[in-house]
Amino acid sequence: SHWQQLVQLGDSVIDATCGAGHDTAVLARLALTDVSGALHAFDVQQSAILATKQRLQDTLPSQVLERVHVHQQSHATFPA
């Protein structure tokens, strides 16, 4: 509920530990449009990256999905 108050369409947001992608999908719906916003999702585990990518592919339109960047790395090293 905090995200709904803080995140607006067109925002750039980060999911620092995307896990299975549940929170990533919520953030995508709150922040991304076909033409604005960006979402960076991070996790060090390959299984989490694969699960997040699958969840997003199953739930987001392709135009919105293009605005999502999934990184298999620690959020502590971003933007490297």
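Predicted model: local features only at pLDDT ≥ 70, side-chain atom pairs only at ≥ 80, totals over all residues.

Analyst: The axes of α2 and α3 come within 9 Å and cross at roughly 40°. Axes here are lines fitted to C-alpha atoms, for helices over the stretch in contact, and angles run from 0 to 180 degrees between N-to-C directions. Helices (H or I, at least four residues) and strands (E, at least two) are DSSP runs, numbered from the N terminus. The two helices α2 and α3 are therefore oblique to each other; angles under 35 degrees count as roughly parallel, over 145 as roughly antiparallel, 65 to 115 as roughly perpendicular, and the rest as oblique. The crossing of α2 past α3 is right-handed, a term used if the near helix is turned clockwise from the far one by less than a right angle, with anticlockwise giving left-handed.

On the α2 side the contact is made by H22, T24 and A25, and on the α3 side by T52, R55, L56 and T59. Contact means heavy atoms within 4.5 Å. By class, these comprise 2 nonpolar, 4 polar and 1 charged residues. In that scheme Ala, Val, Leu, Ile, Met, Phe, Trp, Tyr, Cys and Pro count as nonpolar, Asp, Glu, Lys and Arg as charged, and the others, Gly among them, as polar.

Residues are numbered from 1 along each chain as its sequence is written, and side-chain values use heavy atoms, with hydrogens and water left out.

Buried means under 20% relative accessible area, exposed over 50%, and partly exposed in between (1.4 Å probe, protein chains only). Leaving aside neighbours within four places in sequence, T24 is in contact with T52 and L56, and also with D15, C18, L39 and A41. Of these partners, T52 and L56 are among the α3 residues that make the helix contact, whereas D15 stands opposite A41 in β2.

The sheet itself can now be described. It is an open sheet of 3 strands in the order β1-β2-β3, with parallel pairing. β1 (12–15) and β3 (68–72) are the edge strands, each pairing on one side only. From one strand to the next the twist averages 15°. Two strands pair if DSSP finds at least two bridges between them, and 4 bridges join β1 to β2 (residues 38–43), the two running parallel. Within β2, A38 is the residue opposite S12.

Both helices lie across strands of this sheet. Helix α2 (residues 22–31) lies across β1 and β2, running at about 175° to β1. Helix α3 (residues 46–59) lies across β2 and β3, at about 165° to β3.

Not counting residues up to four places away in sequence, A31 touches V7, Q8, L9, G10, D11, V13, S36 and G37. A31 and P61 are 30 residues apart in sequence and 14 Å apart in space, C-alpha to C-alpha.

R67 lies in the loop between α4 (62–65) and β3 and counts as partly exposed, at 24% relative accessibility. Beyond four places in sequence, its contacts include S36, G37, A38 and L39. The C-alpha atoms of R67 and L9, 58 residues apart along the chain, are separated by 12 Å.

A76, in the segment after β3, counts as exposed at 63% relative accessibility.
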